[in-house]
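Here is a friendly walk through one model, meant to be read with the viewer open.

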Amino acid sequence: MLKRNFGSSSLQVSALGFGAGHIGYDDVTEHQAHALLDRALELGINFIDTARGYGLSEERIGSWLPAHRNDVVLSTKVGYGVEGVPDWSATAVTRGVDEALATLGTDTIDVVFLHSCPLAVLERGDAVQALLACVDAGKVRVPGYSGENEALAWAASAGVFGAVQSSVNLADQRSLREVLPGAARSGLGAVAKRPLANAPWRHADRPTGVYGETYWDRLREMGLEPEADDWQGTALRFSAFSPGVSTAIVGTSQPANLDAAAAAVVRGPLPDAERQRWEAAVATHAGDWAGEV
């Protein structure tokens with residue numbers, strides 16, 4: 001598995017990362033969660049992304065982590081869901097980091113993202129300063145922002161974060177065009193989320209109630225079929241090898257899905273002509289789709 005520098009930090013991350021949201025819920029046992037994390041390491045995947053909002057995910061990683069801490073670049077997300085504390089307050093950020101450290105059973109978290117907080121919160125500054133104080137205290141190595149659109153653009157250009165996380169996929173290329181080039185020039189690590197766009201190609205009819213419904217609409221409007229790989233391979237190779245992307249994270253509870261994702265990324269980037277087809281198709285609709293996801 002290809003490893004890359006994570007921006008200008010000292011971290012190196014696998015081109016494919018593991019999104020650990022699925023392992024936090026009742027349909028996955030702790031034993032299954034640990035087996036999936038073991039399999040990720042066997043495949044050369046060292047970037048593991050979780051969040052306080054992912055059920056038992058942090059807890060299950062924490063019970064697995066002691067034997068593997070030196071093999072993993074670990075990220076989580078904070079700023080919300082702290083009992084008795086307003087979301088996006090400085091206290092919510094500080095306590096979120098402290099609680100994550102305790103749950104994960106580690107002295108330092110490699111990357112901590114403010115998770116989709118509004119632009120006004122970023123501009124106010126107290127949440128950002130609380131996260132930076134955690135860096136100064138040695139609790140966090142790299143401060144980051146996870147989100148989209150105007151808030152993401154602000155975070156990438158503010159000069160206070162070392163990482164960003166945003167959607168990058170066949171049907172969602174806004175951050176790829178507008179944010180990641182500047183983020184790369186500024187030395188930010190970049191995590192591409194939703195690289196499979198919730199796999200809308202699985203559905204003959206429009207799915208409802210999930211973010212994938214918008215991606216289903218977009219792919220229908222684009223009217224393209226993969227030419228160099230299957231749908232999953234095309235999607236993952238597009239995202240993982242997009243300029244400025246450090247790692248593309250895939251969430252799953254099934255080892256076979258993780259194996260297939262790793263195999264796709266190991267095949268390397270899409271041929272230039274294939275990438276250009278997907279980029280051109282999205283560019284045609286970029287004005288109509290701005291801000292939809």
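## Starting at strand E10

Glycine 17 has isoleucine 249 in E10 as its bridge partner. This is a predicted model, in which local features need pLDDT of at least 70 and side-chain atom pairs count only at pLDDT 80 or more, while totals for chains, interfaces and linings use all residues. Residues are numbered from 1 along each chain as its sequence is written, and side-chain values use heavy atoms, leaving out hydrogens and water.

Strand E3 (residues 16-19) and E10 run parallel and are joined by 4 bridges. Strands here are DSSP runs of E with at least two residues, helices are runs of H or I with at least four, and both are numbered from the N terminus. Two strands count as paired if DSSP finds at least two bridges between them. Alanine 192 sits opposite alanine 248 in E10. Of the 5 residues in E10, 4 are buried, leaving the strand mostly covered. (Buried means under 20% relative accessible area, exposed over 50%, and partly exposed in between, with a 1.4 Å probe and protein chains only.)

## The barrel around it

How many strands make up the closed barrel? There are 8, in the order E3-E4-E5-E6-E7-E8-E9-E10, with parallel pairing. From one strand to the next, the twist averages 30°. Helix H6 packs on the sheet, where it touches E7 and strand E8 (163-167), and its direction makes about 155° with that of E8. For these values, contact means heavy atoms within 4.5 Å. Axes are lines fitted to C-alpha atoms, for helices over the stretch in contact, and angles run from 0 to 180 degrees between N-to-C directions.

## Salt bridges

A search of the whole structure turns up 20 salt bridges, each a side-chain nitrogen of Lys or Arg within 4 Å of a carboxyl oxygen of Asp or Glu. One of them pairs aspartate 98 with lysine 139 at 2.8 Å, N to O. Aspartate 98 belongs to helix H3 (residues 90-104) and lysine 139 to the loop between helix H5 (126-136) and strand E7 (140-146), so this pair ties together parts that are 41 residues apart in sequence. Aspartate 98 counts as partly exposed because its relative accessibility is 33%; lysine 139, at 24%, also counts as partly exposed.

Another salt bridge joins lysine 193 and glutamate 148, with the closest N and O atoms 3.8 Å apart. This pair links distant parts of the chain, 45 residues apart: lysine 193 is in strand E9 (residues 189-193), and glutamate 148 is in the loop between E7 and helix H6 (149-157). Both lysine 193 and glutamate 148 are buried. Within helix H12 (residues 272-289), arginine 275 and glutamate 279 lie 4 residues apart, about one turn of the helix, and form a salt bridge whose closest N and O atoms are 3.1 Å apart. Arginine 275 counts as buried at 13% relative accessibility, whereas glutamate 279 is partly exposed at 29%. Shared partners also connect Glu150, Arg174, Arg177 and Glu178 into one network of salt bridges.

## Helix H10 and its cap

Is helix H10 (residues 231-240) mostly covered or mostly uncovered? Mostly covered: 9 of its 10 residues are buried, including Trp231, Leu236, Arg237 and Phe238. Aspartate 230 caps the N-terminal end of H10, with a side-chain oxygen 3.4 Å from the backbone nitrogen of glutamine 232.

Notes: Polar contact = N/O pair within 3.5 Å; in protein donor to acceptor, adjacent residues only side chain to side chain.
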